[in-house]
Amino acid sequence: MTNFLVAAESSAELSFPVLTSLIVVPFLGAVLVALVPKARVEAHRLIALMASVITGALSVWVLLTFDRTDGGFQFRSDDPNVWIESLGIRWDLAVDGISLFLVVLTGFLFPLAIIGVKPEHSPKSYFAWIILLEAGVMGVFMSLDLFFFFVFFEVVLVPMYFLIGTWGHGNRIYAATKFFLFTMFGSALMMIGILAIVFFHESATGIVTFDVVALAEGQNWGVDAGRWIFLSFVLAFSVKVPVFPVHTWLPDAHTEAPTAGSVILAGVMLKLGTYGFFRFGLYLFPEAATWFAPVLMILGTVGILYGAAAATVQKDLKRLVAYSSVAHLGFIVLGTFAITTESLTGSVVQMVNHGLSTGALFFLVGWMYERRHTRQIAELGGLQKAAPVFAAMFTLVMLSSIGLPGLNGFVGEFLILLGAFVANPWIASVAATGVIFAAVYLLWAYQRVFHGKAEGDNATMEDLRPNELLVLFPMIVLIIFLGVYPKPMIERIEPSIEVLVAHIDANVDGWTEPTADVLVAEESHDEGEEEEEEGESE
Amino acid sequence: MILAQAQTIAAPSVDVSILLPMLFMAVGGLLILTMTSIKKDIPAWFITSWAVGSCGGAIISSIVLWNQLGNDGASSTVAGAVGFDGFSVFLTVVIASAVAMASLLAHPYLEREGLEGVELHVLLLLSGTGGIVMAFSNDLIVFFLGLETLSMAVYVLAAMHRRRIQSQEAGMKYFVLGAFSSTFLLYGIALIYGATGSTNLIEIQGFLANNLLVEDGLLLGGIALLIVGLAFKVGAAPFHSWTPDVYDGAPTPVVAYMASGVKAAGFAALLRILSSTFSSVVDDWVPAIEVIAALTLIIGSLSAIVQTNVKRMLAYSSISHAGFIMLGVLAASDRGTSAALFYLFTYAFLVSGTMAALTILGGKGDNDFSFESMQGLGRRKPILAFALMIFLFAQAGIPFTSGFVAKFGVIAAAVDSENYWVAIVAVFAAVVGAFLYLKVLVSMFLQEPQDNARDVEIPGSVGVVLATAVVVTLLFGIFPGLLDGFATDALVELTTGQ
């Protein structure tokens, strides 16, 4: 894997530890917020906003200086700080095409979440937790050391727990506790898995290291052990994504969370799981991942259909959006485990798109709740008349979520389905119906909420305020831009995906990337499928 | 002729510098006892400062010894009965810190409960001396001596609150059961002596390394009884049943010491005797410790869930912590030992911090530990609630607290020694544990304060303990490398070298 060496060389010129600062700036922001006395109400928000804006600006700087031709890890320090010597744990951060846009998405969404919604009470701790959460999320996306990855993966639970538990609605304590325990339970076995591969690596090479690159290159564990350990990782990520059937915490958490919490939860936190599938699933366990791929593709598809079906019957608008997330994330899982360059690229694109469109939807639903104090679809209706701008924005974001061509959602779903079709036409065909279902439940919900005759408070609902438009504006711009011209994003993602696919190819005997050839000639179709099955059974 | 021979019996050479830490503690305790019996009106602050100063002396002399160790290497003195190695020095710091923190907590506690006097401090110092002797012991007899010194003092300490019936009950219970477990230990030592011909750890280790026992019944019986006795001391299942009652009844500062100092001393013996001395017969005792560890983890975390009293719940959680440290013991490796040491060090601070918060929250009478009494603490006493939150996070093993690194370390050691199933039990126990601590956090932060909520103040000395514990918990949580280096060097070295 010469690519990684190249990456290491290119980052040698870097002196300013920009990735570290992406974690440290929000962390210091949180400390600062905690130190400012409670009485100075506006100061907390201002500090949190400043910290998140600086972080966002830094992440954009990373995006601009990112070398689009390089598929390896960039901005990586040659000589990472040793954290725990006896275990070979190092502070080792990097980004590649897969994590780059997730880092930028995080840097982009947090300032908006801070501007977009004011907490109902105790602003000090609210802003401290939110900005601390940003530090944790950044850490997950950039850590190449398995220890730190795990640490950040776990630590993000705490701020989110308090955000849901303190500022949430209704059944918030139940939702927060369920969220916390589900996720912690899911990742418990992953810790053993991490340790197991580290010590397998040690007994083969004599070096204790948590460096994911060294571990992935080494592959120093047996096939059976690898598959078991892969499962422990899959459980952790599946809960986080969430993949059907371990998704049940999500509707509760999303519904009870405060608006900013839902935006962040859907926008970036669910991506911790899907990102984990890439970096610590496919990359770390290529053999096991290809072996389990059909199962996970099916689970992803079940998620798409189940999420859509559940969303259709929801009475609560926020819960409906939450279930739509389950469906969208199903697409990402499907694309990930189809393991073709197109589907993997599509999955990364879709992670960003889902963050934008669902994030925006949660903002809109949250503002609607602020005005109407209800989320019940039955109690809403005819809002279009009183709030035309609101309705227009909702339409646009909703269409992006449905995957209308010309908006961002289409690009990701199309690439995923394209890749998945090559890998397994049957599963892809079933999954494709999910796109139609998405149109059904969202349009139906739109019709019930915005059309019809407005009664009572619905007739006088306030339209979007300027500051709310300010929050939505950048999201809308990106939704349209990425829909019309996704090339800048895709050309940065693709080299890393190619490296990943090459890595899988090199480490799995008898596996080759599924190509469209199998579909071209009618006769060779069956043959192709047989080959694939052979690959799976090995 | 016979007389002449008797005169030539040489006393073993004693290297006093090695014994300095225990001398600081023991002499410090006895001196203040003498002083108060001569001069009645010595103020309480002086007694507390004296006790803390004695511990400080022990810690400083340990630091000097540590450096000496770096230059000269491990050695033993008093005819090989006292071992001087990184392990013993490291644990001395842990035990002395535990005593110092308990003394600081006891200061306002004694005043509030109207129990002024020197006894508690003296007993803490003497008990700590016993613990240090255990950490240094290279001989089963010396070890037993240390253990009894430690235990006798703690029996009295548990019953220290004269006007609380539960405290009397705790003392009585602990004494009867403790004495019982001591007999197991003593019998175990006798059997081991019978099997190996020595009570000296160095000689036992040498004997086992060079001889294969054809009839190992005596040895196995001895090890089994030893395990029973020590498992009792550290509160490991199935010998844990005294823990909740005693923790519940004993004065809270004493509980802080029992959970930190006594546990550290107990594990010192387990690590020194089992993991090191009997390392050549691991197959004989590791299965037993595996079962004990798993049982301890399961019983500790599950029983804690149903508790309605925070102090009692923490007693059960301390049982499950013992289970985690057991993972370090059963690894029977250098990695396991240093992981257990890291755990003991950080746990001593965070449990003392937790008990410091409870000392304040318990109120006069030391008995109000219901979940209701903690409601809305985050709003009433934000700083205290923040400190307690850090400790609970650390106990739950949330990253960036010392508790996470400690748990990670012992589980890593268990996985490294391929004890997978116990490691799996441990991670699930950690999840159950997290639920417990969340329950307390929910009361503190997410529920409204009750109308009749008591106003609490943080006395200065308790504040010191809280601050120290928060700093240690966060510092070694965020930068574990600072402590890990010491823990890695602090290994048991059984050597006859002078």
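## Confidence and conventions

Chain B has an average pLDDT of 88, and 97% of its residues score at least 70; pLDDT is the predictor's confidence in each residue, from 0 to 100. The model as a whole scores ipTM 0.86 and pTM 0.88.

This is a predicted model, in which local features need pLDDT of at least 70 and side-chain atom pairs count only at pLDDT 80 or more, while totals for chains, interfaces and linings use all residues. Residues are numbered from 1 along each chain as its sequence is written, and chains are lettered from A, with ligands numbered from 1, in the order in which they are written.

## Chain A

Chain A contains 23 helices and two strands; helices (H or I, at least four residues) and strands (E, at least two) are DSSP runs numbered from the N terminus. The C-alpha trace of chain A spans about 70 × 60 × 40 Å along its principal axes. Of the 538 residues in chain A, 61% are buried, where buried means that 20 or more other C-beta atoms, placed from the backbone, lie within 10 Å of the residue's own. Among contacts in chain A with a separation of 6 or more, 80% involve residues 24 or more positions apart; a contact requires C-beta atoms, placed from the backbone, within 7 Å.

Strands β1 (residues 81-84) and β2 (residues 89-91) of chain A pair in the antiparallel sense over three bridges, pairing being assigned if DSSP finds at least two bridges between two strands. A:Val82 has A:Arg90 of β2(A) as its bridge partner. The two strands, β1(A) and β2(A), form a hairpin with four residues between them, and A:Gly88 in the turn has a positive phi of about 65°.

## Chain B

Chain B has 20 helices and two strands. Its radius of gyration, 22 Å, is close to the 23 Å from the globule rule for 498 residues, so chain B is as compact as a globular protein of that length. The C-alpha trace of chain B spans about 80 × 60 × 45 Å along the principal axes. Buried residues are 61% of the 498 in chain B. For contacts in chain B between residues at least 6 apart in sequence, 81% join residues at least 24 apart.

## Helix α16 of chain B

Helix α16(B), residues 382-396, has 15 residues and reaches 20 Å from first to last C-alpha, close to the 21 Å expected at 1.5 Å a residue; the expected span is 1.5 Å times one less than the number of residues. α16(B) is mostly covered, with 11 of its 15 residues buried. Among them are B:Leu384, B:Met389, B:Phe391, B:Phe393 and B:Gln395. The cover over the buried residues of α16(B) includes α13 (310-331), α14 (334-361), α15 (377-380), α17, α18 and α19 (460-478) of chain B. Just after α16(B), B:Gly397 takes a positive phi of about 80°.

## Interface

In the interface, 26 residues of chain B are in contact with 25 residues of chain A. On the chain B side, α17 (402-416), α18 (420-446) and α20 (481-489) each supply at least two residues. The largest share, 13 residues, comes from α18(B).

By class, the side of chain B that touches chain A has 20 nonpolar, four polar and two charged residues. Here Ala, Val, Leu, Ile, Met, Phe, Trp, Tyr, Cys and Pro count as nonpolar, Asp, Glu, Lys and Arg as charged, and the others, Gly among them, as polar.

Methods: Rg over C-alpha atoms; globule rule 2.2 N^0.38 Å. Buried ≥ 20, exposed ≤ 12 C-beta atoms within 10 Å, placed from the backbone. Contact = placed C-beta atoms within 7 Å.
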